[in-house]
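Try each task before you read its solution.

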Amino acid sequence: QVQLVESGGGLVQPGGSLRLSCAASGSIARIGDMGWYQQTPGKQRELVARTFASGRTDYADSVKGRFTISRDNTKNTLYLQMDSLKPEDTAVYYCNALVRKTNSPTYLEYWGQGTQVTVSS
């Protein structure tokens, strides 16, 4: 079994910062692409940022220059540094990863349980 567990969400004032973490655990042979998504009530889950196994990163236009995605492959952990936060960044943030389990040739997609980020004064 593979689990993704997010942490680091909370309440922050506009202009503030938060750092989200996503730790992957279980029978993991290799982790491929990883990403962060956000979801607000009544809307579909949307990509915020992703990092490819190649090292390339990709960001939604709304967060470019404010958010930074990174990963520590030695710890199987994904991060999202969120700076200059705005009220419109308020959402539940989900971690996503393509994981190849031990003794398996294929990658499967996994999601974390989500962490709430609220930006409000």
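**Exercise 1. Find how many aromatic pairs the whole structure holds, and classify what you find.**

Step 1. A search of the whole structure turns up 1 aromatic pair. Rings of Phe, Tyr and Trp (its six-membered ring) pair if their centres lie within 6.5 Å.

Step 2. The ring centres of Tyr37 and Trp111 are 5.0 Å apart and the planes sit at 65°, so we call this pair edge-to-face. For the label, planes under 30 degrees apart count as stacked, over 60 as edge-to-face and the rest as tilted.

Step 3. Now place the partners: Tyr37 is in strand 4 (residues 28-39) and Trp111 in strand 10, 74 residues apart, so the pair links distant parts of the chain. Strands (E, at least two residues) are DSSP runs, numbered from the N terminus.

Step 4. Check the accessibility: Tyr37 is buried at 19% relative accessible area, while Trp111, at 34%, is partly exposed. Buried means under 20% relative accessible area, exposed over 50%, partly exposed in between (1.4 Å probe, protein chains only).

A word on the model: it's a predicted one, where local features need pLDDT of at least 70 and side-chain atom pairs count only at pLDDT 80 or more, while totals for chains, interfaces and linings use all residues. Residues are numbered from 1 along each chain as its sequence is written, and side-chain values use heavy atoms, with hydrogens and water left out.

**Exercise 2. Work out which cysteines the disulfide joins, and its handedness.**

Step 1. The whole structure has 1 disulfide (a pair of cysteine sulfur atoms within 2.5 Å). Here Cys22 is joined to Cys95, S to S 2.0 Å.

Step 2. Look down the S-S bond: the torsion is about -75°, so the disulfide is left-handed.

Step 3. Cys22 belongs to strand 3 (residues 18-26) and Cys95 to strand 9, 73 residues apart, which makes this another link between distant parts of the chain.

Step 4. Both ends come out buried: Cys22 has a relative accessible area of 0%, and Cys95 has 0% too.

**Exercise 3. Which tyrosine faces have an arginine over them?**

Step 1. Arg19 lies over the face of Tyr79, 4.0 Å from the ring centre. The test is that NZ of Lys or CZ of Arg is within 6 Å of the ring centre and within 35 degrees of the ring normal.

Step 2. Arg45 does this with Tyr94, at 3.6 Å from the ring centre.

**Exercise 4. Is Pro105 buried or exposed?**

Step 1. Pro105 sits in the loop between strand 9 (91-101) and strand 10 (107-111).

Step 2. With 74% relative accessibility, Pro105 counts as exposed.

Note on methods: Helices (H or I, at least four residues) and strands (E, at least two) are DSSP runs, numbered from the N terminus.
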